[in-house]
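Welcome, and thanks for taking a look at this one with me. Please open the model in your viewer and keep the sequence beside it.

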Amino acid sequence: PRVGWGLTDHPHAWATWSLAPGFVGLSDMTNPKWLLQWVIRRRGKLANSGVEAVAHIRSAAELPACDFQLMIVPADATVDVTSRELAPRLSIGHSYWTPKSQGSVMIRSSDPATPPTVRLNLLAEREDVDALARAMERTREIVATEPLASAVEREILPGSGTELAKYIHDTAITTFHASCSVAMGSDPESALDEKLRVRGVD
């Protein structure tokens with residue numbers, strides 16, 4: 001049966017801007033007043049999930065449907081959140097929904113305590129890198145329009161003049177949505193049937 005092949009995850013890359021004077025985002029969240037507000041009223045900046053907004057976009061106009069999820073965070077999503085020095089930042093994450101790259105996850109032993117061999121092969125297909133680059137360019141267009149345009153000062157990451165493909169290869173992570181390594185459906189080679197029952201097990 002088709003088990004272990006086809007491992008897929010959504011590749012993800014961040015873009016970050018400095019905020020314009022007067023905008024602080026979550027940079028002051030270490031201020032004790034926010035902890036007090038959370039303890040007493042269960043509201044304020046510590047009630048924040050981090051991701052303030054989500055947008056679904058097409059990285060290319062001709063696509064039949066959205067292929068990216070943008071996650072908007074009023075902070076620098078690339079820094080250690082325990083840092084006491086948080087600069088005013090805006091971060092936008094790009095999660096690619098339809099990657100072509102596939103990997104595998106294979107058992108190495110009959111001993112369940114032995115970790116499997118995982119090959120994610122993230123960004124193995126150039127098409128995935130190109131899609132992320134298109135999405136980041138689209139995000140730049142979005143940020144350059146109001147009301148965001150007045151709230152940002154300059155692009156920090158990837159940074160003006162940065163070669164996007166290299167930046168993506170150097171910094172991309174997953175969206176922690178690993179899936180697709182066990183085939184399901186009517187194909188007799190699928191380990192699971194249409195109702196998620198293990199084929200061949202009564």
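Where is the place of Cys180? Cys180 sits in the segment after strand E9 (173–174). A strand here is a DSSP run of E with at least two residues, a helix is a run of H or I with at least four residues, and both are numbered from the N terminus.

## About the model

This is a predicted model, in which local features need pLDDT of at least 70 and side-chain atom pairs count only at pLDDT 80 or more, while totals for chains, interfaces and linings use all residues. Residues are numbered from 1 along each chain as its sequence is written, and side-chain values use heavy atoms, with hydrogens and water left out.

## Overall layout

The chain contains four helices and nine strands. Starting at the N terminus, the order of elements is β-β-α-β-β-β-β-β-α-α-β-α-β. The chain is more spread out than a compact globule, because its radius of gyration is 21 Å, well over the 17 Å that the globule rule gives for 202 residues. That radius is taken over C-alpha atoms, and the rule is 2.2 Å times the number of residues to the power 0.38.

Along its principal axes, the C-alpha trace spans about 65 × 45 × 30 Å. Of the 202 residues, 37% count as buried. Buried means under 20% relative accessible area, exposed means over 50%, and partly exposed is in between, with a 1.4 Å probe and protein chains only.

## A three-stranded sheet

An open sheet is formed by three strands in the order E1-E6-E7, with antiparallel pairing. Strand E1 (5–7) and E7 are the edge strands, each pairing on one side only. On average, neighbouring strands of this sheet are turned by 35 degrees against each other, direction ignored. The axes behind this angle are lines fitted to C-alpha atoms, for helices over the stretch in contact, and angles run from 0 to 180 degrees between N-to-C directions.

As background, strands of a sheet pair through backbone hydrogen bonds, either parallel or antiparallel. Two strands count as paired if DSSP finds at least two bridges between them. E1 and strand E6 (residues 103–106) run antiparallel and are joined by two bridges. Trp5 has Ser104 in E6 as its bridge partner.

## Cavity and pocket

The structure holds one cavity of 30 Å³ or more, and the largest cavity contains about 40 Å³ of space. On a 1 Å grid over the protein atoms alone, a cavity is a set of points where a 1.4 Å probe fits but cannot get out; a pocket is an open set with protein on both sides within 12 Å along at least five of seven lines; and lining residues have an atom within 4 Å of a point. Grid points are joined across faces, edges and corners, and a volume is the space filled by probe spheres set on the points. The residues lining the largest cavity include Leu7, Asp9, Pro99, Leu122 and Asp128. By class, this lining has six nonpolar, two polar and two charged residues. Here Ala, Val, Leu, Ile, Met, Phe, Trp, Tyr, Cys and Pro count as nonpolar, Asp, Glu, Lys and Arg as charged, and the others, Gly among them, as polar.

The second largest pocket has a volume of about 200 Å³. Its lining has 10 nonpolar, one polar and one charged residues, among them Phe23, Gly25, Glu52, Ile72 and Pro147.

## Backbone details to check

In general, most residues other than glycine have a negative phi, and most peptide bonds are trans. A cis peptide bond joins Glu146 and Pro147, with omega about 10 degrees. Pro147 is in the loop between H2 and helix H3 (148–151). Another cis peptide bond joins Leu157 and Pro158, where omega is about 0 degrees. Pro158 lies in the loop between strand E8 (152–157) and helix H4 (164–171).

Arg42 has a positive phi, near 55 degrees, and is placed in the loop between H1 and strand E3 (53–57). Arg42 counts as exposed because its relative accessibility is 52%. Cys180 also has a positive phi, near 75 degrees.

## Two residues in context

Leu35 belongs to helix H1 (residues 32–41). Its relative accessible area is 48%, so Leu35 is partly exposed. Leu35 and Ala47 are 12 residues apart along the chain, and their C-alpha atoms are separated by 9.4 Å.

Ala124 is in the loop between strand E7 (117–119) and helix H2 (126–143). Ala124 counts as exposed, at 54% relative accessibility. From C-alpha to C-alpha, Ala124 and Ala87 are 34 Å apart in space and 37 residues apart in sequence.
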